[in-house]
Amino acid sequence: MTLVAGVDSSTQSCKVVVRDAATGALLRQGRAPHPDGTEVDPEAWWRALGAAVEAAGGLADVAAVSVAGQQHGMVALDEAGRTVRPALLWNDTRSAGAAADLVGEAGGEAGGRFWADAVGSVPVASFTVTKLRWLARHEPAQAAQVAAVCLPHDWLTWRLAGAAGLAALRTDRGDASGTGYWSPATGEYRFDLLERAFGRRLHVPTVLGPADPAGVLHPAAFRVAPAISSGEPSGLPWPPGPGRAWTGDGPLLGPGTGDNAAAALGVGAGPGDVVVSIGTSGTVFSVADAPAADPTGIVAGFADATGRYLPLVCTLNAARVLDAAAAMLRVGLDELAELALSAPAGADGLVMVPYLEGERTPNRPTATGAVHGLTLRTSTPAHLARAAVEGMLCALADGLDAIVAQGVTPRRVILVGGGARSAAVRRIAPQVFGCPVVVPPPGEYVADGAARQAAWVALGGAAAPEWTVEGIEEYEAEPVPAVRERYAAAREHVIER
């Protein structure tokens with residue numbers, strides 16, 4: 001049996017799964033938390049990876065490892081490969097002004113078309129290119145030290161390979177397409193745009209194909225014994241295996257990818273499938289054969305992990321909308337779902353606009369959430385719970401509309417992520433989305449996608465191995481158009497911070 005490992009280094013935690021490369025059968029898994037915040041020292045990711053690998057039983061018996069990571073973040077390195085400052089994450093909105101400047105400088109109202117044609121997406125605060133502009137303008141001393149820029153998954157893969165100089169940095173099409181300076185349509189970096197943002201050229205990772213090895217797992221990635229002087233060794237568990245000595249032919253490293261591309265690979269999304277992921281962020285995406293270029297910026301024209309494309313809409317507010325509603329009502333998430341299902345569709349006109357952390361789609365980084373239609377009748381826990389679920393789903397349904405406008409014909413929605421565990425979300429979703437919804441069993445689909453990519457690297461072949469997802473549940477319901485109509489009216493009346 002050939003084993004492979006997949007890593008999901010997400011905003012909140014690191015997950016590792018070890019699976020049979022041929023069948024996808026899960027053998028073992030582990031996880032470790034990440035610190036909160038919108039900027040993080042990358043060493044925290046590295047320590048979490050080591051803890052998650054240890055919890056998963058180590059990597060001594062795997063043939064290949066791939067890392068999927070949160071998209072867009074900015075990891076800035078100096079000539080020696082040291083991080084210049086904490087990484088800015090995708091959900092850090094301080095670069096919203098920089099995004100607006102970059103679009104405006106490209107031609108005012110025509111700026112959106114310029115960027116969409118150049119790199120498939122219009123910059124918003126999430127994108128790496130905007131964070132580089134922010135760094136250059138607001139922290140010039142740190143900016144002067146920067147020699148290279150990479151993404152979270154690139155940095156972790158580089159560390160696993162031994163961090164042998166900046167020239168060893170590697171990435172893939174899927175994650176590179178979220179930087180704002182790599183074009184999915186041409187498959188090339190746009191160094192002119194990177195220089196426009198930062199003021200000078202930086203070293204960037206080499207972009208690999210979907211099954212190209214990024215190197216091999218190197219012993220430099222493992223903890224040394226005895227522990228380092230701080231008493232907290234950093235890296236993967238040591239030794240890598242009983243009596244195992246380094247021969248230069250250790251487990252292969254896959255190219256890795258961004259979390260959304262990995263999730264599509266993990267659930268086996270095919271033509272007509274739209275994946276809606278409800279996690280820290282909400283994403284709506286579909287695998288496509290042609291690149292997207294939306295000048296409005298609503299749809300990001302990303303690449304996927306198979307050599308095709310991944311038109312995607314992202315919202316900043318997703319599962320934490322449910323967390324916030326549950327906290328307001330002082331109930332758990334299961335009770336929140338029960339309350340929501342006890343209220344009528346449309347919550348008798350109560351509407352929640354869930355812009356609790358600003359919003360990316362639509363691009364309103366300073367917006368706040370709002371509740372509309374509050375009356376004596378709707379002033380109940382059940383109505384508020386229903387409005388929270390419907391509001392979150394309506395924001396995602398707007399994304400589905402935008403994907404359809406780019407030529408996608410949805411056959412069904414595949415609902416994944418922590419928010420998909422809510423019974424209310426599963427049952428209300430087809431009413432809001434207007435099409436059948438299928439829900440795979442709870443799982444680590446980003447890590448699974450990374451593992452499937454690792455299996456592709458380990459086994460070779462023209463495509464990733466076919467893995468079957470068991471236990472899928474299907475939900476259908478008559479659409480309730482009034483829910484989205486009321487939401488559309490309410491979302492235009494939020495207050496900016």
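1. Strand β19 is covered on both faces in this predicted model. On one side Tyr309, Pro311, Val313 and Thr315 are buried, and on the other Leu310, Leu312 and Cys314 are buried as well. In a regular strand, side chains alternate between the two faces of the sheet. Seven of the seven residues of β19 (residues 309-315) are buried, so the strand is largely enclosed by the rest of the structure.

2. The strand partners of β19 deserve attention. Strand β17 (residues 282-285) runs antiparallel to β19 and is joined to it by four bridges; phenylalanine 285 has leucine 312 as its bridge partner. Strand β18 (residues 300-303) also pairs with β19 in the antiparallel sense, over four bridges, and here alanine 300 stands opposite leucine 312.

3. β18 and β19 form a hairpin, with five residues between them. In the turn, glycine 307 has a positive phi of about 105°.

4. On the cysteines, the structure holds zero disulfides. Cysteine 150 is in no disulfide, the nearest cysteine sulfur being that of cysteine 14, 16 Å away. Cysteine 150 is buried, with a relative accessible area of 1%. The sulfur of cysteine 394 lies 14 Å from the closest cysteine sulfur, in cysteine 435, which is too far for a bond. Cysteine 394 is buried, its relative accessible area being 1%.

5. Helices α4 (residues 128-138) and α8 (residues 191-198) pack at an angle of about 35°, their axes 7 Å apart. Contributors to the contact include Leu132 and Leu135 of α4 and Leu194 and Phe198 of α8. By class, this contact has eight nonpolar, no polar and two charged residues.

Methods
Residues are numbered from 1 along each chain as its sequence is written. This is a predicted model: local features need pLDDT of at least 70, side-chain atom pairs count only at pLDDT 80 or more; totals for chains, interfaces and linings use all residues. Side-chain values use heavy atoms; hydrogens and water are left out. Axes are lines fitted to C-alpha atoms, for helices over the stretch in contact, and angles run from 0 to 180 degrees between N-to-C directions. Helices (H or I, at least four residues) and strands (E, at least two) are DSSP runs, numbered from the N terminus. Contact means heavy atoms within 4.5 Å. Ala, Val, Leu, Ile, Met, Phe, Trp, Tyr, Cys and Pro count as nonpolar, Asp, Glu, Lys and Arg as charged, and the others, Gly among them, as polar. A disulfide is a pair of cysteine sulfur atoms within 2.5 Å. Buried means under 20% relative accessible area, exposed over 50%, partly exposed in between (1.4 Å probe, protein chains only). Two strands pair if DSSP finds at least two bridges between them.
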